[in-house]
Amino acid sequence: MSQINKRQFLHLLGSISLGLLPMMSCYEKKEAKLPDINEETDQLIKKDSLPPAIVEHVSESDIILLTRNQADYEQYNINYNKQINHLPKYIAVCKTEKGIAHAIQLARHENLPIAVKSGGHSFEGFSTNEGGMVINVSQMKQVKWISDYEVEVGAGLKLSEVHDLIYAKGKLLPAGSCGGVGIAGLALGGGYGFFSRKHGLTCDSLLSLRMVDADGNLKTVSAKDDLMWACRGAGNGNFGVVSSMHFKLYSLPKNFASHNIYYRKADAHTFTTVLQQWFEATTQLSNDCFAAFVLNGKTIMMLFTNYGTQNIEAIIAPLKAAATTWSHSSKPTLQAIKRFYGRKEPLYFKNASCGYYNGFDDLKTISEEIFNKAITSAGMVFQINTMGGNINNENFKKASAFPHREMQYLGELQSYYETAGRFKRAADQFESMQALLKQNGINKHYANYPSLNFTNWQQAYYGNNYERLQQIKKTVDPENVFRYAQSIEIS
Ligand SMILES: Cc1cc2nc3c(=O)[nH]c(=O)nc-3n(C[C@H](O)[C@H](O)[C@H](O)COP(=O)(O)OP(=O)(O)OC[C@H]3O[C@@H](n4cnc5c(N)ncnc54)[C@H](O)[C@@H]3O)c2cc1C
């Protein structure tokens, strides 16, 4: 991956605030031509080197097993966060459930931890590991329409592909914005975006799924199973390898409007005033709307989107009144959301949840300090997005492990830097902002925006659901073969 120079980097940071949803930068991995299994790989799947459970025949149409000295290893070892550079012992590029079962058995035979990878967008690299087995399902892109409003998709699809397949047919799966994010990692950890306030999180549309478990057995997990409850919000790499997901769909709205409002060269006072006004404005939005507040350098950018019939002009008028500039566009939905796909190439970044909030009061006493810290931390972006609406639907709540649904907003702290050498500075500044928020009682976080700095991550991500998740983990993966730094622990 070529380095970007300082000018390009500053340009990139500028563009981060142009479109917006969490992190505007995504990439599309070059589609790989899978290699033939070579002699060494063949050795690895020779019958007599494997435990009895996997003596069945597997071929390269099921699995390609890559080791460090193989050409294609590097390309499958790419992570969206360039700071993540683990070297797994094996990368198993699986194309079928049989291939996945094989990879699991091999890992167990060699006593290796297993990480699962789809879109490779984990902030902290939870889809890879050092010296273990990585099961990569990015080639599993099958699509089966069950009915007009139900579809089963392979775990390897990226959001841009989901949109092209589903939205193009006039149907909607409420998901996230960035085109390169994997549908599997997104949905298993929750999944929110423009359509969540109306239809709930992506995991709330999940009707059933197929999973290869820790013993290599294929399970169909259906709506009422405890494991389904766990996979709606806590399914990321904890219980097994999800191979496909069956989703309920909605009708795609015809048009999608967005308003961008900018305040440039803001100071701490303006920041606080505008932040308060933004919070107030968002309380009046219908569930067809979404809003984001972004501080990038001294520029404040606010995004309001709307695909319903509410006229939001009067709501955003006070924000426009003192703004430096603002713009508005309305387009057919699929076309409009492509604008938010973001950057394709991997980046150096440090990102994490910076908490769920109920309103301005949660930040009132520290808003000026947030501003001052953010503007003196090179490459830092502080962002808040609306949650609320049907995310807090009682039925969704009961059916899922996703907690904190009553919270109305979600914050994301982002920090971008040019080279690996800048990591320490970025990490220190990042940690200092995290400490400020923590000291002020911000302690609920989104599992899909993880941070290794969260010491109490179990409660932060899963709240009161953690104990039940531990029980389920004990039942389905008693030997903890699926593990990473913040995976569900066995009680
Ligand atoms: C640029 C960017 C934009 C984002 N935008 C949004 C957004 O708009 N809304 C939102 O809610 N989130 C967003 N996120 C966060 C995103 O939801 C998480 O990073 C998500 O976990 C990424 O999934 P992935 O498949 O791409 O990543 P991966 O790194 O492949 O996986 C992430 C986690 O999911 C697990 N996992 C992946 N596939 C499987 C599987 N098949 N079976 C079991 N476990 C699996 C992994 O083990 C890992 O723990 C964004 C992240 C980035 C980097």
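Mentor: The account below begins with the ligand and then turns to a loop residue and to several helices.

This is a predicted model, in which local features need pLDDT of at least 70, side-chain atom pairs count only at pLDDT 80 or more, and totals for chains, interfaces and linings use all residues. Residues are numbered from 1 along each chain as its sequence is written.

The ligand is surrounded by 39 residues, of which G119, G176, G182, G185 and G237 are the closest. A residue is near a molecule if its C-beta atom, placed from the backbone, lies within 6 Å of it. The elements giving two or more residues to this shell are β3 (114-117), α6 (183-189) and β10 (241-248). Here helices (H or I, at least four residues) and strands (E, at least two) are DSSP runs, numbered from the N terminus. With five residues, α6 gives the most. By class, the shell has 19 nonpolar, 19 polar and one charged residues. Ala, Val, Leu, Ile, Met, Phe, Trp, Tyr, Cys and Pro count as nonpolar, Asp, Glu, Lys and Arg as charged, and the others, Gly among them, as polar. Because domain 1 (30-136) and domain 2 (143-252 + 464-476) both give residues to the shell, the ligand lies between them; the domain bounds come from an automatic or database domain assignment.

Seven of the nine residues of α8 are buried, including W229 and R232. A residue is buried if 20 or more other C-beta atoms lie within 10 Å of its own, exposed if 12 or fewer, and partly exposed in between, with C-beta atoms placed from the backbone.

Y307, in the loop between β14 (299-306) and α10 (313-321), counts as buried because it has 23 C-beta neighbours inside 10 Å. Leaving aside neighbours within four places in sequence, Y307 is in contact (C-beta atoms, placed from the backbone, within 7 Å) with P253, N255, F256, D288 and T333. The C-alpha atoms of Y307 and N255 are separated by 5.8 Å, although these residues are 52 residues apart along the chain.

Finally, V274, Q277, W278 and A281 in α9 meet I315, I316, P318 and L319 in α10. By class, this contact has seven nonpolar, one polar and no charged residues.

Notes. Two residues are in contact if their C-beta atoms, placed from the backbone, lie within 7 Å.
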